[in-house]
Amino acid sequence: MQAWQVHENGEPSEVMRLADVETPTPGDGQILLKVRAANINFPDALLCRGHYQVRPPLPFTPGVEICGETEDGRRVLANPALPFGGFAEYTVADAAAVLPAPDALDDAEAAALHIGYQTGWFGLHRRAGLEAGETLLVHAAAGGVGSAAVQLGKAAGARVIGVVGGADKAAVARELGCDVVVDRRAEDVIGAVKEATGGRGADVIYDPVGGEAYTQSAKVVAFEGRIVVVGFASGSIPSPALNHALVKNYSILGLHWGLYNTKNPKLIQHCHEQLTELAARGAIKPLVSERVPLGGAAAAVQRVADGVTTGRVAVIPGLTEGGAA
């Protein structure tokens, strides 16, 4: 089979190489899956760079989220078991952790429903307790993680403010349903958010960016507000001033979604049932901005790493260069 492999750490476009390799053999408790679609996540770039919290042995295949097909023909969602990632024709996954793919979504959309939407659901509902009528601010609202949070926030009845970088991403955020869109390249984020909230600030802030975005969050969070720290796509990990959290009376909440797989896996299943129901009634629908063939995976991962994509980019092994499946 064909699979992308990383033999040394570095930028995805430089270190990912497409090769003919042996089809992986499932270990104990694992199943073999044919990859129907592999969704690109920022952690795939971090894996290539050697900066992710998990460092699989070299060589490895990146790709942490797929819609796959079991040997008996079932469509499922899975997180491949590294080093056999999803940017390949076949992969392996833990049998106990696979989830049924929602019928309402195609392969690329289904692949994109898993990590980003589970993270959003846990962050907004399990950690922050978002309520209808509250104001939710989402950083990088047009990106893969942010777009999921926007849709989930709207589905929960929140007023959503999306912060983006650039006019093109602002247009995407509006299409996603943001009530207010702030272009950080053209506007003062702090002033714009305060104006949009009558000076009160946002009740819940969803931050997959870190760095300057977190600094802005601390200045616009409302009384009894909650800042959900999801990741650091900016590459800068902030150092919160806890005295500031004390005097403004807000909470800083960390979210590492992967821990629920070991700490409380039943919640993963419950969340998936909620997401499947939302997808069935059209309340959420993953924004897949690009579908690329397997041969285009390295370039696509690099684009995600560079922050120039919107929504999700999906790798479709069965897609030809001309675009037909």
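Reply: The questions that follow take several labels in turn and set each value against its cut-off.
Reply: This is a predicted model, in which local features need pLDDT of at least 70 and side-chain atom pairs count only at pLDDT 80 or more, while totals for chains, interfaces and linings use all residues. Residues are numbered from 1 along each chain as its sequence is written, and side-chain values use heavy atoms, with hydrogens and water left out.

Me: Why is T91 called buried?
Reply: Buried means under 20% relative accessible area, exposed means over 50%, and partly exposed lies in between, with a 1.4 Å probe and protein chains only. T91 has a relative accessible area of 0%, so T91 is buried. T91 belongs to strand β6, residues 90-94; strands (E, at least two residues) and helices (H or I, at least four) are DSSP runs numbered from the N terminus.

Me: Which residues does T91 touch?
Reply: Contact means heavy atoms within 4.5 Å. Leaving out residues up to four places away in sequence, T91 touches P24, I31, L32, L33, V35, I66, P80, F84, G85 and G86.

Me: What makes the pair of F84 and T91 a polar contact?
Reply: A polar contact is a pair of N or O atoms within 3.5 Å; within protein, one must be able to donate a hydrogen and the other to accept it, and residues adjacent in sequence count only if both atoms are side-chain atoms. The backbone oxygen of F84 is 2.4 Å from a polar side-chain atom of T91, so the distance falls within the 3.5 Å limit.

Me: Why is H272 called buried?
Reply: The relative accessibility of H272 is 3%, which is under the 20% limit, so H272 counts as buried. H272 lies in helix α11, residues 265-280. Its contacts, apart from neighbours within four places in sequence, are L77, L99, P100, P102, L113 and Q118.

Me: Where is A140, and why is A140 called partly exposed?
Reply: A140 lies in the loop between β8 (135-139) and α5 (144-155).

Me: How many disulfides does the structure hold?
Reply: A disulfide is a pair of cysteine sulfur atoms within 2.5 Å, and the structure holds 0 of them.

Me: Which residues of helix α2 are buried, and what do they pack against?
Reply: In α2 (residues 42-49), the buried residues are D44, A45, L46, L47 and C48. They pack against β1 (2-6), α1 (12-15), β2 (16-20), β3 and α12 (297-305).

Me: What makes a space a cavity, and how many cavities of 30 Å³ or more are found?
Reply: On a 1 Å grid over the protein atoms alone, a cavity is a set of points where a 1.4 Å probe fits but cannot get out, whereas a pocket is an open set with protein on both sides within 12 Å along at least five of seven lines; lining residues have an atom within 4 Å of a point. A search of the whole structure finds 1 cavity of 30 Å³ or more. The largest cavity is lined by A112, Y117, G144, S147, P286, L287 and R312.

Me: Which residues lie nearest the centre of the second largest pocket?
Reply: They are R36, D107, I316, P317 and G318, among the 15 residues of its lining. The largest share of that lining, 3 residues, comes from β3.

Note on methods: Grid points are joined across faces, edges and corners, and a volume is the space filled by probe spheres set on the points.
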